[in-house]
Amino acid sequence: MKLIPLLILFEISLIMASDTDWRRKILVTNKETPEEGLKILREKCDLIFPESVPATRDEILKLIPGVDGILWVGHYALNGEVLDLGMPTLKSISTMSAGMDYVDIAEFKRRNFPLGYTPSVLSDAVADEAIGLMIAAGRRFHEGRLKIENSEWAGGPQWMLGQDIKAKTIGIIGLGQIGQTIAKRLKGFDVRRILYSGRKPKPEGDKLGAKFVPQTELLKGSDYVFLSVPLNNSTRHMINATTLREMKRTAVLINVARGEIVDQEALVAALKDGTIFAAGLDVMTPEPLPADSELLKLPNSVIVSHLGSATRRTRDDMAVLAALNVLAGIDGSPMFAPYPY
Ligand code: DGY
């Protein structure tokens with residue numbers, strides 16, 4: 001999704017808007033939403049925000065009656081209750097995320113309610129982070145720091161050896177836009193081959209020179225396994241004690257999707273007993289992860305606090321796209337990024 005064409009379309013829609021257009025009321029559920037998106041909304045709408053940051057879901061719900069649209073920022077459940085509270089004025093909602101696991105999609109579909117989201121614009125940032133996690137986990141960055149903190153620096157030619165990337169096999173579970181961007185990044189690392197699994201082979205896979213294989217073959221053959229699938233009933237706990245045992249003992253698991261795709265207890269056990277080499281995780285269960293979580297105590301897990309899309313430019317782009325979605329939905333026009341339910 002390129003933002004420049006989107007903005008041109010938005011300018012055209014502003015020019016076409018008649019003087020008789022009424023000012024809509026939009027609820028933005030987090031007042032720290034980037035100004036780039038808010039200023040688009042302010043052109044035509046009055047904005048309301050919950051007072052606190054982050055607001056509780058109850059605070060947000062109280063503000064829904066009477067609004068025309070909602071920019072839903074954050075991962076609170078977005079379901080029929082929200083839609084009921086918004087009736088009869090509410091016409092459009094966009095999230096500011098690519099993952100939609102917290103949305104009751106079936107309910108939106110049943111009501112044929114305009115729902116937007118923000119895929120594509122975050123693929124680069126998330127893929128960058130995935131590559132960072134791959135290197136950090138494979139090369140034992142966290143453990144190295146712990147050695148220093150604990151005065152255990154031994155040094156020497158056999159000390160703290162990690163995994164190579166060059167000539168290795170990469171497995172990507174879920175070759176969507178983020179998975180494809182990860183694959184593009186990896187081309188520069190001279191990997192041996194890229195495997196991917198999912199529901200079916202994709203033409204983009206051929207373009208990237210990636211091979212579609214069953215998940216078991218991917219797990220058995222890959223040195224690095226990236227998770228970039230949406231969370232749903234068929235992906236929840238797809239990485240579990242059984243599938244972890246299918247992986248190489250030298251394998252590194254990278255999760256930039258959702259924590260629940262991994263059975264975390266099984267992962268902790270696998271990291272402890274050497275079933276796999278290391279994990280790099282941007283996502284976990286629950287979020288926030290309790291400070292005393294066992295996952296944080298493992299030297300071979302690199303944990304980041306769900307920051308995949310957290311760059312200034314990416315968050316600006318997400319806010320712009322979400323704002324354009326909300327406005328389009330209110331006008332009864334096709335959204336710029338409608339959720340394909
Ligand atoms: C997404 O967009 O789904 C990211 O995880 C950030 O919420």
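Predicted model: local features only at pLDDT ≥ 70, side-chain atom pairs only at ≥ 80, totals over all residues.
Now switch to a cartoon. You will find 13 helices and 12 strands in the protein chain. The chain's radius of gyration is 22 Å, close to the 20 Å that the globule rule gives for 341 residues, so the chain is as compact as a globular protein of that length. Turn the view along the principal axes. The C-alpha trace spans about 75 × 45 × 35 Å.

Next, colour by burial. Buried residues account for 50% of the 341 residues in the protein chain. Then look at contacts between residues at least 6 apart in sequence. Of these, 62% join residues at least 24 apart.

Select the charged side chains. There are 41 positive and 41 negative ones in the protein chain. The centres of the two sets lie 6 Å apart.

Now zoom in on one residue. Select residues 24-28 to see strand β1, where R24 lies. Is R24 buried or exposed? R24 is buried, because its relative accessible area is 3%, and the cut-off for buried is under 20%.

Show the side chains of R24 and D331. A polar contact of 2.5 Å joins them. Finally, select what else surrounds R24. Leaving aside neighbours within four places in sequence, R24 is in contact with K44, C45, D46, D68, I330 and D331. Display those residues with R24 to end the tour.

Key
Residues numbered from 1 in each chain as written. Heavy atoms only, no water. Helix = DSSP H or I, 4+ residues; strand = E, 2+ residues; numbered from the N terminus. Rg over C-alpha atoms; globule rule 2.2 N^0.38 Å. Buried < 20%, exposed > 50% of the residue type's maximum accessible area, 1.4 Å probe, protein only. Contact = heavy atoms within 4.5 Å. Lys, Arg positive; Asp, Glu negative; His and termini not counted. Charge placed at Lys NZ, Arg CZ, Asp CG, Glu CD. Polar contact = N/O pair within 3.5 Å; in protein donor to acceptor, adjacent residues only side chain to side chain.
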